[in-house]
Amino acid sequence: MVSMRDVAKLCGVSVATVSKALNDYSDIGEETKRKIRETAEEAGYMTNASLRAMKSNRSWSLGVLYHDEARSGLTHDFFAAVLEGFKRHAELRGYDITFINNRIGERKMSYYEYCKFRGVDGVLIACVDFYDPDVQSLIKSNVPVVTIDHVFDNRIAVVSDNVNGMASLVDYVCEMGHTKLAYIHGESTSVTRSRLGSFYRSAARHGIEIPEEYVRSSEFRDTGSAKRITAELLSLPEPPTCIFYPDDYAAVGGLRAIWERNLRIPDDISIVGYDGILLNRVMVPKVTTLRQDTAEIGKLAADRLVNLIEKPRTTLVEHIVVPGTIVEGDSVKKLN
């Protein structure tokens with residue numbers, strides 16, 4: 001049977017290049033794509049791939065259940081980067097990706113029914129309402145599942161280290177001399193609860209008590225809400241010296257509120273974000289943030305899901321925590 005590795009040897013390129021060419025990646029030249037596709041067809045790779053599916057009773061397809069309530073879709077910087085890492089490594093292991101829906105034509109169906117209809121071998125679940133009965137039904141089914149940033153006892157989960165990530169940010173800000181810390185956190189999710197608990201605990205470790213009015217709820221990636229709440233925090237009789245935001249995108253709203261008051265960052269007010277998205281690298285000032293390792297999260301999710309499909313007896317149900325790193329910017333002032 002001809003493998004992708006065989007095609008790579010025939011073309012004198014890497015397996016990754018063959019995968020990219022066959023999946024029409026834009027960073028592969030058209031001439032290279034043509035050569036690889038012709039070689040694959042002549043060698044019988046496509047035919048063998050179909051035979052492989054028939055013999056193994058698999059579709060060699062992975063489903064992705066992704067539903068962003070803010071309707072930002074794949075423009076959601078964090079999850080888009082995670083899904084790119086997932087897609088890349090799944091394809092290197094011979095799997096295609098399909099997005100899970102709850103409708104086929106005019107017919108509405110459950111996520112589980114959709115998975116059966118499409119014949120996916122396993123599902124990655126990310127950025128959904130994990131308490132939705134339809135999602136719960138899929139979680140409890142016999143379909144191999146891996147979740148991102150949410151933990152179920154009987155399912156493999158890959159999560160960013162939100163507890164230590166927030167602790168690192170608080171430690172950094174406190175080491176810069178700040179004691180008046182405000183936090184505009186995201187909506188109530190397991191991610192928010194982990195970060196919020198760590199925020200309070202880390203502040204207490206530094207002997208800091210957080211006033212109730214310093215902690216406010218917003219939506220992730222909501223610049224309008226972040227702007228409004230930032231203005232309210234700055235209007236307090238005793239405003240904070242540093243404001244934490246739920247993500248770098250929301251921090252843009254904070255920046256606008258600060259600029260509109262003719263205040264300067266970090267001279268008049270310090271801020272920190274979360275995620276480490278590309279936008280933060282081009283913002284002025286560059287915001288200090290906690291960069292989540294999206295590539296590693298996506299890779300681990302793909303590897304664990306494929307292992308669960310191919311080696312169900314030996315693949316452990318585990319909760320994998322991926323650490324992040326602080327990226328220092330120009331948004332936190334050093335206080336005396």
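**Entry 1: the largest pocket**

I started by asking which helices each supply at least two residues of the lining of the largest pocket. In this predicted model, they are α5, spanning 77-92, and α9, spanning 190-205. I then checked which of the elements gives the most to that lining, and α9 came out on top with 4 residues.

Next I looked up how much space the largest pocket has, and I noted a volume of about 640 Å³. I counted 31 residues around the largest pocket. The ones that lie nearest its centre are F79, C127, E187, T189 and F220.

**Entry 2: the cavity**

How many cavities of 30 Å³ or more does the structure hold? I found 1. For the largest cavity, I noted about 30 Å³ of space.

I listed its lining too: H76, D77, F78, R221, D247, Y249, D275 and I277 line the largest cavity. Sorting these residues by type, I got 4 charged, 3 nonpolar and 1 polar.

**Entry 3: helices α2 and α3**

I had a look at a helix pair here. Two packed helices are described by the angle between their axes and the distance between the axes, so I looked up both values. The axes of α2 (residues 15-22) and α3 (residues 30-43) cross at roughly 95° and come within 9 Å. I therefore put α2 down as roughly perpendicular to α3, since angles of 65 to 115 degrees fall in that class.

Which residues meet where α2 and α3 touch? On the α2 side I have T17, V18, A21 and L22, and on the α3 side T32, K33, I36, R37 and A40. By type, the residues of this contact divide into 5 nonpolar, 2 polar and 2 charged.

**Entry 4: N154**

Last, I picked out a single residue. I located N154 in the loop that runs between β6 (145-148) and β7 (156-160). Is N154 buried, partly exposed or exposed? Its relative accessibility is 47%, so I logged N154 as partly exposed; the class covers values between 20% and 50%.

I also asked what N154 is in contact with once its neighbours within four places in sequence are left aside. My answer is I139 and V317. For a distance check I took E219, which is 65 residues from N154 in sequence. From C-alpha to C-alpha, I have N154 and E219 at 29 Å apart in space.

Definitions and conventions. Residues are numbered from 1 along each chain as its sequence is written. This is a predicted model: local features need pLDDT of at least 70, side-chain atom pairs count only at pLDDT 80 or more; totals for chains, interfaces and linings use all residues. Side-chain values use heavy atoms; hydrogens and water are left out. On a 1 Å grid over the protein atoms alone, a cavity is a set of points where a 1.4 Å probe fits but cannot get out, and a pocket is an open set with protein on both sides within 12 Å along at least five of seven lines; lining residues have an atom within 4 Å of a point. Grid points are joined across faces, edges and corners, and a volume is the space filled by probe spheres set on the points. Ala, Val, Leu, Ile, Met, Phe, Trp, Tyr, Cys and Pro count as nonpolar, Asp, Glu, Lys and Arg as charged, and the others, Gly among them, as polar. Buried means under 20% relative accessible area, exposed over 50%, partly exposed in between (1.4 Å probe, protein chains only). Contact means heavy atoms within 4.5 Å. Axes are lines fitted to C-alpha atoms, for helices over the stretch in contact, and angles run from 0 to 180 degrees between N-to-C directions. Angles under 35 degrees count as roughly parallel, over 145 as roughly antiparallel, 65 to 115 as roughly perpendicular and the rest as oblique.
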